[in-house]
Amino acid sequence: MSTDPTSSIPRPDANGLVHGLTIEELKLLSTSCLEARALAYCPYSLFRVGASLLIHASSPTTASTTVISGANIENASYPVGTCAERTALGTAILQGHRLGSFKAIGVATDMDDFCSPCGMCRQFIREFCGNEVPVFMHNKSGEFRVLTVGELLPMSFGPEKLPPREVLKGVVGVEQGGEGGEKIKEA
Ligand SMILES: [Zn+2]
């Protein structure tokens, strides 16, 4: 079986793009998440996951299109472990990238099937990536399926759903009789 991640890249559309990516960008994204699996620290599950983030050339800290990778990091206290997607995004956020920086996400495992981000990662991704950002979910051979962030997490909750802080302070103040609201009379 071929392990060349470029062998599965489908035919581009009329604009020369695959889900909005050039063939070169897609090769970079795929190769990066497949290679990032080797960096996984997973002595307990032995389930290696690699993730990659394609960064827009227009992103504030990036002069050219580039990629940031991550891998899962486990812990003897099992729930403390972190997924590949969140290690990659954490690295990107520390480098100054924010909503609008990310052009695509890649995920890869050693499985025959196409492995999608877990629920916690979908929410984490949602914070920093728009609903239209494509997630390329690879199998061990480098073939992939693609769904957008919005398709993976429909009716999601994000920063724009939160009312302005001044509104929230008023609500909390009214209910607790604190600052910002009227004191509620005790019965
Ligand atoms: Zn996860």
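Tutor: A residue is termed buried if 20 or more other C-beta atoms lie within 10 Å of its own, exposed if 12 or fewer, and partly exposed in between, with C-beta atoms placed from the backbone. This is a predicted model, in which local features need pLDDT of at least 70 and side-chain atom pairs count only at pLDDT 80 or more, while totals for chains, interfaces and linings use all residues. Residues are numbered from 1 along each chain as its sequence is written.

Student: What percentage of the residues of the protein chain count as buried?

Tutor: The secondary structure comprises five helices and seven strands, where helices (H or I, at least four residues) and strands (E, at least two) are DSSP runs numbered from the N terminus. The protein chain has 187 residues, and the share that counts as buried is 31%.

Student: Where does UniProt place the feature "binding site"?

Tutor: The annotation comes from an unreviewed UniProt entry; such annotations may be inferred rather than shown by experiment. The UniProt record places this feature at C83, C118 and C121. They span 39 residues in sequence, yet no two of their C-alpha atoms are more than 8.5 Å apart, so they gather at one spot.

Student: Is C121 buried or exposed?

Tutor: C121 lies in helix α3. Within 10 Å it has 24 other C-beta atoms. C121 is therefore buried.

Student: How does C118 count, partly exposed or buried?

Tutor: C118 sits in the loop between β5 (102-109) and α3 (119-128). Because C118 has 13 C-beta neighbours inside 10 Å, the residue counts as partly exposed.

Student: Which residues does C121 touch, not counting residues up to four places away in sequence?

Tutor: Two residues are in contact if their C-beta atoms, placed from the backbone, lie within 7 Å. On leaving out residues up to four places away in sequence, C121 touches C83, E85 and R86.

Student: Are α2 and α3 roughly parallel or roughly antiparallel to each other?

Tutor: Axes are lines fitted to C-alpha atoms, for helices over the stretch in contact, and angles run from 0 to 180 degrees between N-to-C directions. The axes of α2 and α3 are 10 Å apart, at an angle of about 25°. Angles under 35 degrees count as roughly parallel, over 145 as roughly antiparallel, 65 to 115 as roughly perpendicular and the rest as oblique. The two helices α2 and α3 are therefore roughly parallel.

Student: Which residues of α2 and α3 make the contact?

Tutor: From α2 come E85, R86, L89 and I93, and from α3 come C121, F124, I125 and F128.
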